[in-house]
Amino acid sequence: MPVTFTFGEMLSARSVIGTTLAELGETHDNLWVLTPDIGATLVEFRDKYPDRFLDVGLAEQVCVGIAAGLAYDGNIPVVSGMLPFLSMRALEQVRTDVCYPNLPVKIIGTHGGLVGNGGSTHYAVEDLALMCALTNMTVTSIGDPLMVGEVLRQSMSMEGPIYIRLAVGKKDMVLYGEGEHDIRIGKGITARQGTDATIFTHGTVVSQALQAADELAKDGRSVRVVDMFTLKPIDADLIAQCAEETGGRFVVVEDHLAYGGLASRIADVVADRGIRLTAFRRLGIPQVYAGFGEDEQLRDKFGYGLAATIAATREVIAAKA
Amino acid sequence: MEQNALPAQDERPTVAELEDRAFELRTKLLQLCGTYEGAVHIGGDLSAADIFTALFHYGLHVDPTDIRNPERDRFLLSKGHAAVCMYIAMAMRGFFSYEGIVETYGQLDSAYGMHPCKVQLPGVEASTGSLGHGLPIAVGMALSARHRGETHRVVCLLGDGETGEGSVWEAAMAANSNRLGNLVAFIDRNRQLMTSFAEERISFEPYPDKWRAFGWNVVEINGHDMGELVGAIDALPGADSDKPTVVICETVKGKGVDFMEHNLAWHAGSLSPKDLERALASLEANREKEMA
């Protein structure tokens, strides 16, 4: 990146995808970019490598199937589109054609969570549960726009498939300074240190969790925030460490179904490892058709906005050991 | 365009030899159905047996001793439930041993099961079985070949019932949009689904026109006439042409065994010793009739 960004600045994750793919297209002559008519941010790649760019029009299933065919013959296909459709319309192609033979297909897209005010058809709220269920699939959800580039770069050397989830991707808050964290797929990021409780989260909600930690700090509460951007494989050691260092007090906040996403992944680790917790609260989307509204309004409506995060964190801190 | 540099079969078999092999393939298939107690998709295997023979023993440039040769033709079995027939056709071509298939079919950790699995059987090009998946993958492979200037073909075998899946037509459009003349689809048009005769459920007709409307070069043949199959293969446009070709093979589900032909009961099943005897006798009788 030629420009250095600092915390709080807004940047478009989509532009990072565009720039990164164009850059990777140069170093990887077997990199292909495919899209079902969501190509606006891929223009740079398309113009530089028109014969490795394919817009199939509105046809998610064949888009993923073609990606599998390309990958079988040694190419690295990136499928970019809207996640509600890539994760569900093409789910069987993702499972059977890509994951089952463990092909290096990258699925990257926007509209993860109740974002963009598109109404219930245009929100991916079950996607992480679905993707985590698939054999061989690595599952990520990213809030920091610069991280998107880093994860894409790292994914080039991966043997199998990866799912990269973004929100709308037009205006994303820069969360981390360059080199501030060692970003590695499969490892959580401790975005804020703290000892009274841990808030685990991913994607755009990370900035909300950091805000909650700031508010609680005013009351003298020391709240840790973990950006668990890789849901699968989950960083189980970090979960165990947080349990030990923050009194077994966990809050999980996510822009995904409250059951089936990160909270469930963490609960699995807690159960499997026999980790003793003092309190565990999960905030996320209930199983409803969410309807319209701005992102923040919907988070508040369904109880996983800033106020609810602060309240839940206070509760787990107050819970008796 | 020069075809690829894979060793050609020393001498490609004649039509009569191919017919013998198709008969042997059907015999071996029935024998397997007599030894394996679970369900085998007998009907759709028998309808495709001549196509498999023509492809693996005549049309496809493949090398059983070098399955990863980048210049090989790619073959995708989109109607994955006809896997057994493909395994045997490939075994007869030297990819693996027929005995190995019979001895392990469907057993724990076997490479051979109801649908082809590339993870367990690297000799197949892709894991298929869920219908409507093969042609999209074939489009991806044909695109890759085009991009790299490779001259092999990508050949995909589908059932006509399978073409009720929307993804087939997404792929048909994508193939035409990208002018993939190196892509060839064979349709085993046996006109039967699992539980019904196709046209009772879906209006496929006018079927060849549908493919024409999607921009494909359409060839219509009798899928049980080895001469026509060989003729269609010989007449395929070069891999550098700009139009994908579909060879619509008119077939009969259960072909070769009288009591299975056009019979919905034989979509899948196994054969008791008595049924096996009847089936082999019928196959033999039909063969003699054809030779006469």
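Helix H7 of chain A, residues 145-155, is largely enclosed by the rest of the structure, because eight of its eleven residues are buried. Everything described here comes from a predicted model. If you follow H7(A) along, the buried residues are A:Pro145, A:Leu146, A:Met147, A:Val148, A:Gly149, A:Val151, A:Leu152 and A:Ser155. Look also at the start of this helix: there, a side-chain oxygen of A:Asp144 comes to within 2.9 Å of the backbone nitrogen of A:Leu146.

Now move back along chain A to helix H1, which covers residues 13-27. H1(A) has 15 residues and spans 21 Å from its first C-alpha to its last, close to the 21 Å expected at 1.5 Å a residue. Which residues of H1(A) are buried? They are A:Ala13, A:Arg14, A:Val16, A:Ile17, A:Gly18, A:Thr20, A:Leu21, A:Ala22, A:Leu24 and A:Gly25.

From here, turn to the place where the two chains meet. In chain A, 24 residues are in contact with 24 residues of chain B. Together the two chains bury about 1900 Å², with 58% of that on carbon and sulfur atoms. Polar groups take part as well: ten residue pairs are in polar contact across the interface, both residues of each pair being at pLDDT 80 or more. On the side of chain A that touches chain B, the elements giving two or more residues are helix H3 (60-72) and helix H5 (91-99). H3(A) gives the most, with nine residues. How many salt bridges are there between chain A and chain B? The count is one. To find this salt bridge, look for the side chains of B:Arg74 and A:Asp73, which meet at 3.3 Å, N to O.

Next come the cysteines. There are zero disulfides over all chains. B:Cys85 is buried, at 0% relative accessible area. B:Cys156 is in no disulfide either, as the nearest cysteine sulfur, that of B:Cys249, is 12 Å away. B:Cys156 also counts as buried, with a relative accessibility of 0%.

The loops hold some backbone details to look for. In chain A, a cis peptide bond with omega of about 0° joins A:Lys232 and A:Pro233. A:Pro233 lies in the loop between strand E12 (230-232) and helix H9 (236-245) of chain A. Chain B has a cis peptide bond between B:Glu205 and B:Pro206, with omega of about -5°. You will find B:Pro206 in the loop between helix H7 (198-201) and helix H8 (207-213) of chain B.

A:Asp37 has a positive phi, near 65°, although it is a residue other than glycine. This residue sits in the loop between strand E2 (31-35) and helix H2 (43-48) of chain A. Is A:Asp37 buried or partly exposed? A:Asp37 is partly exposed, with a relative accessible area of 44%. A:Asn136, which is not a glycine, has a positive phi of about 75°. Its place is the loop between helix H6 (127-132) and strand E6 (138-141) of chain A. At 35% relative accessibility, A:Asn136 counts as partly exposed.

Definitions and conventions:
Residues numbered from 1 in each chain as written. Chains lettered and ligands numbered in written order. Predicted model: local features only at pLDDT ≥ 70, side-chain atom pairs only at ≥ 80, totals over all residues. Heavy atoms only, no water. Disulfide = S-S within 2.5 Å. Buried < 20%, exposed > 50% of the residue type's maximum accessible area, 1.4 Å probe, protein only. Helix = DSSP H or I, 4+ residues; strand = E, 2+ residues; numbered from the N terminus. Expected span 1.5 Å × (residues − 1). Polar contact = N/O pair within 3.5 Å; in protein donor to acceptor, adjacent residues only side chain to side chain. Contact = heavy atoms within 4.5 Å. Buried area = accessible area lost by both parts, 1.4 Å probe. Salt bridge = Lys/Arg side-chain N within 4 Å of Asp/Glu carboxyl O.
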